[in-house]
Amino acid sequence: MMHVWQHLKTITKHKFLVMGYCFRIGLYRQGLGHDLSKYSWTEFSQGCKYYQGNRSPNNAEREAVGISKSWLHHKGRNKHHFEYWIDYSADKKCPTIIEGMRMPRKYVAEMVMDRICACRVYKGNRYTSQDPLEYFRNSKEHLWFVHSKVMEELEFLLTMLAEKGEEETLRYIKNTFLKEGK
């Protein structure tokens, strides 16, 4: 069954939430462009087909057919995802062929906004500022490919969010984190 209207509402709600959060931290261009690829046929059609309302349709697509073409399309076009930053290692001593590259801080900040808003959309009224950190910690063991500095920054920011709340964390990201990274 195709869930066109429900999927459109979900991705649009998420997109506008992230846009608002990005604007609050001064990332206007990223806010406007966030997740526009979700409206492409490749991503939108699969999102409608595998829509469930409580988690990403990419997971359901992957479970159903063994691969998520929608996700492969998405992560290759959106710099706020770890997976966009994977490349062959230039270090001959690297134990893996591929490794995560250092993400610019503006994309780490957008990733934090993305995680806040994804949790807000999927959890609804049950959302707390601890949810993005919990989601991160539940997937951390699978993120071996992520650059160590990016992991450190993301965990620091999500921990700050969980412990000090949104206002203080957004203020820190805007006034300190993004300025130090230039």
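Helix H6 comprises 19 residues and spans 27 Å from its first C-alpha to its last, close to the 27 Å expected at 1.5 Å a residue. In this predicted model, the helix is mostly covered, with 14 of its 19 residues buried, and it is followed by Gly 124, whose phi is positive, near 60°.

The largest nonpolar core contains 34 residues, and those with the most contacts inside it are Ile 25, Phe 82, Met 103, Val 112, Met 113 and Ile 173. Two or more residues are given to this core by each of helix H1 (4-24), helix H6 (105-123), helix H7 (131-139), helix H8 (148-164) and helix H9 (166-180), and H6 gives the most, with nine residues.

When neighbours within four places in sequence are left aside, Met 103 is in contact with Lys 79, His 80, His 81, Phe 82, Trp 85, Val 108, Met 111 and Val 150. Trp 85 in turn lies in the loop between helix H5 (69-75) and strand S1 (86-88), and it counts as buried because its relative accessibility is 18%, the cut-off being under 20%. Apart from residues up to four places away in sequence, Trp 85 touches Lys 79, Glu 99, Gly 100, Met 101, Arg 102, Met 103, Pro 104 and Tyr 107. The C-alpha atoms of Trp 85 and Ala 60, which are 25 residues apart along the chain, are separated by 24 Å.

As regards confidence, the mean pLDDT of the protein is 95, and 99% of its residues reach 70 or more. Among the elements of the protein, helix H2 (residues 28-33) has the highest mean pLDDT, 98, whereas strand S2 (residues 98-100) has the lowest, 91.

Conventions. Residues numbered from 1 in each chain as written. Predicted model: local features only at pLDDT ≥ 70, side-chain atom pairs only at ≥ 80, totals over all residues. Heavy atoms only, no water. Core = buried A, V, L, I, M, F, W, Y, C linked by side-chain atoms within 4.5 Å. Buried < 20%, exposed > 50% of the residue type's maximum accessible area, 1.4 Å probe, protein only. Helix = DSSP H or I, 4+ residues; strand = E, 2+ residues; numbered from the N terminus. Contact = heavy atoms within 4.5 Å. pLDDT = per-residue confidence, 0-100. Expected span 1.5 Å × (residues − 1).
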